[in-house]
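Subject: Structure handover

Hello,

Here is the structure you will be taking over. Please open it alongside this message; my notes follow below.

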Amino acid sequence: MYERIKNVFRIIHNSKQWQKENYNQLKELEWAHIYHDSIRGKKWLEEMPLNVGRWAGNYAFFYILNRVLTQHKPKSIIEFGLGESSKFISVFIENYLKNSKHLIIEHSQEWANAFKADFNLSVNSKIRVHNLVKRQVKGVEINAYSNLEEIAGQKFDLYIIDGPFVSKNFSRYDILDLAKKLTSNDDFIIIFDDYQRHGEQQTVKDLLELFRQNNIIVYEAIYSGNKSLAVLATAKYKYATSY
């Protein structure tokens, strides 16, 4: 009898999990249509080869990124993690945001070399390699970028957090080092990819608490498909949380 009851609960659990995955897939298909509608008329985006999903951002991510770049025209952009979104932003700068600056933080020189051999970044897009290291956050070990204090004093209009490699807890916590320099006089947008994961949720929670302590009012939204992303924005950019 006990084994039968366990099997029933297992079937219920698996059914709920399947329904959730199916729902997320349907949302992702919807985001794909929304994304493709949003780039109509931008021939330079329509013709650009772009690998969406898996390690790269999903359609929700690229839709939000397109809207943010189009509507808010950030002059200074920092991106944690070199990849498809780097191409996307670089092409945007070449064709639409010609005066914007784009700094990419990447942990692998090998990947940076392979990327540059395959894709020509805008002259306004720069890659800086900061090796992967381990650091302690609240008693747990996480992946982090080395020597990030070299740029910790700089401020940006747009922060895109999609690196380094995931940590089980407090994942991609380096953004806190940059956020500590922000004040209530600064305006910014933070796009935090892979928010469906526990470690990323912990980091966003700590970000929001840091802003609360520093009297920085931010608006927030979660966009979900196969993966999720969190968007945090100050009042100047608050519409980025309602796209």
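Glu 84 is buried, because its relative accessible area is 15%, and buried means under 20%. Please keep in mind that this is a predicted model.

Glu 84 belongs to helix α4, which covers residues 84-95. Its side chain reaches the backbone nitrogen of Asn 51 at 2.8 Å. Leaving aside residues up to four places away in sequence, Glu 84 touches Pro 49, Leu 50, Asn 51, Ala 56 and Phe 62.

Glu 84 also has a charged partner. It forms a salt bridge with Lys 87, and the closest N and O atoms are 3.1 Å apart. An α-helix has 3.6 residues a turn, so residues three or four places apart point the same way. Both Glu 84 and Lys 87 are buried.

Helix α4 has twelve residues, so at 1.5 Å a residue it should span 16 Å. The end C-alpha atoms are 17 Å apart, which agrees. The helix is mostly covered, with ten of its twelve residues buried. Those are Glu 84, Ser 85, Ser 86, Lys 87, Phe 88, Ile 89, Ser 90, Val 91, Phe 92 and Ile 93.

Helix α3 takes in residues 59-72, 14 residues in total. From first C-alpha to last it reaches 19 Å, close to the 20 Å expected at 1.5 Å a residue. This helix is mostly covered too: eleven of its 14 residues are buried. Among them are the aromatic residues Phe 61, Phe 62 and Tyr 63. Ile 64, Leu 65, Val 68 and Leu 69 are also on the buried list, as are Asn 66, Thr 70 and His 72. Phe 62 is one of the residues that Glu 84 touches. Lys 73 follows α3 and has a positive phi, near 45 degrees.

**The β4-β5 hairpin**

Strand β4 (residues 132-137) and strand β5 (residues 140-145) run antiparallel, joined by six bridges. The strands form a hairpin with two residues between them. Lys 138 sits in the turn with a positive phi of about 55 degrees.

Leu 132 lies in β4. It is partly exposed, at a relative accessible area of 32%. Its C-alpha atom is 6.1 Å from that of Ser 146, which is 14 residues away along the chain. Leu 132 touches His 107, Asn 143, Ala 144, Pro 164 and Phe 165, with residues up to four places away in sequence not counted.

**Salt bridges**

How many salt bridges does the structure hold? The count is 17. Side chains of opposite charge can pair when their charged atoms come close.

Are Glu 47 and Lys 43 buried or exposed? Glu 47 counts as exposed, at 55% relative accessibility. Lys 43 is exposed as well, with a relative accessible area of 52%. Their side chains meet in a salt bridge at 3.0 Å, N to O.

Asp 194 and Lys 227 form another salt bridge, at 3.2 Å, N to O. This pair links distant parts of the chain, 33 residues apart. Asp 194 is in the loop between β7 (189-193) and α7 (198-213). Lys 227 is in the loop between β8 (219-224) and β9 (228-233). Both Asp 194 and Lys 227 are buried. They also belong to a network of salt bridges that share partners. The network joins Asp 162, Arg 172, Asp 193, Asp 194, Arg 197, Glu 200 and Lys 227.

**The chain overall**

The secondary structure comes to seven helices and nine strands. The chain has 243 residues, and buried residues make up 52% of them. Of the contacts with a separation of 6 or more, 67% are between residues 24 or more positions apart. The accessible surface comes to about 12,900 Å². Carbon and sulfur atoms account for 50% of that surface.

Best regards

Notes:
Residues numbered from 1 in each chain as written. Predicted model: local features only at pLDDT ≥ 70, side-chain atom pairs only at ≥ 80, totals over all residues. Heavy atoms only, no water. Helix = DSSP H or I, 4+ residues; strand = E, 2+ residues; numbered from the N terminus. Buried < 20%, exposed > 50% of the residue type's maximum accessible area, 1.4 Å probe, protein only. Polar contact = N/O pair within 3.5 Å; in protein donor to acceptor, adjacent residues only side chain to side chain. Contact = heavy atoms within 4.5 Å. Expected span 1.5 Å × (residues − 1). Pairing = 2+ DSSP bridges. Salt bridge = Lys/Arg side-chain N within 4 Å of Asp/Glu carboxyl O. Areas by Shrake-Rupley, 256 points an atom, 1.4 Å probe, with all protein chains shown as cover.
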